[in-house]
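Please examine the sequence and the three-dimensional structure below. The paragraphs that follow lead through them step by step.

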Amino acid sequence: MSLEPIRCPACHSTRQSEPLERYRQWSLYECLECGVQHFWPAKNPGADWYQENEMYAARDLMVVDWLGWYHRAALDNMPVRSGSVIDVGCGNGAFVAAAAERGYEAWGIDFSSKAIEAGRRHFRLQNLYAMRIEDFTTQFGDRRFDVVTAFEVLEHMDDASAFVLELSKVLKPGGHLIVSVPNRERRPWLLNEGDLPPHHFTRWNVPAIHGFLARHEFTRSKVIVCPTRITLKAFILYRIHLGLVIRLTRRAQADHPGAIQRTAMLARARTLTILKDRLADLAAVVLAPVLAPFVRGPMLVAIAQRAEVTNTAAQDD
Ligand SMILES: [Zn+2]
């Protein structure tokens with residue numbers, strides 16, 4: 001057993017609950033200081049693991065260029081009407097493309113070079129880069145943005161606090177941060193492998209995300225919970241077997257089929273995905289009014305403003 005104390009990845013406190021549950025070598029704790037739940041020991045498996053994992057490869061390489069609920073929620077609630085935005089962990093860049101279309105100067109970075117290549121080809125975007133946020137300043141100097149977004153990234157990090165500090169560094173003073181995370185109070189509770197380590201290390205609810213942002217010098221935070229109709233749609237989609245789509249993508253990625261076959265297979269995977277999406281949407285519209293009292297959204301989008309540098313802080317520098 002390690003002698004290292006169990007430390008919260010969101011506030012670094014060592015005041016932790018007893019283990020709430022266990023999964024393989026990990027135990028889930030709740031931080032008594034900030035309320036974030038986290039699996040310990042935490043170690044993000046790194047870029048290579050994500051690139052090779054077929055779940056992410058299927059999503060990133062198909063270039064599904066419609067947007068997730070959290071992308072739309074962000075676009076509908078953009079805190080500025082123009083300016084620059086960078087999406088950190090942008091995958092194939094679907095959100096970057098949508099923001100660029102709305103007139104923002106939009107950038108995206110992701111540590112999967114395959115996803116970035118696919119996005120560059122498909123969206124013809126210039127400002128997509130395969131890199132980690134930690135390396136941004138080395139490459140682009142003191143370039144800063146009006147808005148920084150990170151969708152479904154925070155929960156993957158082994159040190160959520162260090163990650164949000166990195167996001168702050170590329171944000172202008174007074175700029176806005178938009179992050180989305182899964183809601184641990186969601187109903188129905190749909191636990192799959194992707195919610196567990198080494199995928200997700202932290203679990204969030206509305207108070208935990210507000211508190212986390214306040215601790216990291218963000219003010220005026222607002223949290224949007226995914227509405228019932230979208231929740232039901234996600235539930236239905238999770239229930240429909242994704243096997244065929246994954247199989248087609250895997251075969252298309254293998255070296256043996258020719259370029260034409262490969263394109264045809266990816267096109268079939270895409271058509272299936274779109275069809276599935278439409279059917280789920282229709283079912284959700286019908287069911288939402290009846291099931292609303294029993295449903296709690298599975299995703300949270302938080303928007304907050306980085307505090308302006310105060311005189312005291314400026315003197316400390
Ligand atoms: Zn904590």
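Glycine 141 has a relative accessibility of 31%. Because burial requires a value under 20% and exposure one over 50%, glycine 141 is classed as partly exposed. The model that provides this value is a predicted one. Glycine 141 belongs to the loop that runs between helix H6 (136-140) and S7. Its C-alpha atom is 9.7 Å from that of valine 170, a residue 29 positions away in sequence.

Helix H7 spans residues 160-169 and is mostly covered, with 7 of its 10 residues buried. The buried residues of H7 are Ala160, Ser161, Phe163, Val164, Glu166, Leu167 and Ser168. In an α-helix there are 3.6 residues a turn, so residues three or four places apart point the same way. Which elements do the buried residues of H7 pack against? Their partners include five strands by name: S4 (84-88), S7 (145-151), S8 (171-182), S10 (218-225) and S11 (299-306). Helix H8 (206-215) is a further partner of these buried residues.

Cysteine 11 and cysteine 31, 20 residues apart, link distant parts of the chain. Cysteine 11 sits in the segment before strand S1 (21-23), whereas cysteine 31 sits in the loop between strand S2 (26-30) and strand S3 (37-40). Cysteine 11 and cysteine 31 are both buried.

The largest cavity holds about 70 Å³ of space. Its lining contains, among others, Glu155, Asp195 and His200, together with Arg184, Arg186 and Arg203. Trp189 and Trp204 also line the largest cavity.

Values for the chain as a whole complete the picture. The chain contains 12 helices and 11 strands, and 50% of its 317 residues are buried. Among contacts in the chain with a separation of 6 or more, 69% join residues 24 or more positions apart. The accessible surface of the chain amounts to about 16,400 Å², and carbon and sulfur atoms account for 53% of that area.

Note on methods: Residues numbered from 1 in each chain as written. Predicted model: local features only at pLDDT ≥ 70, side-chain atom pairs only at ≥ 80, totals over all residues. Heavy atoms only, no water. Helix = DSSP H or I, 4+ residues; strand = E, 2+ residues; numbered from the N terminus. Buried < 20%, exposed > 50% of the residue type's maximum accessible area, 1.4 Å probe, protein only. Contact = heavy atoms within 4.5 Å. Areas by Shrake-Rupley, 256 points an atom, 1.4 Å probe, with all protein chains shown as cover. 1 Å grid on protein atoms, 1.4 Å probe; cavity = no way out; pocket = protein on both sides within 12 Å on 5 of 7 lines; lining within 4 Å. Points joined across faces, edges and corners; volume = space filled by probe spheres on them.
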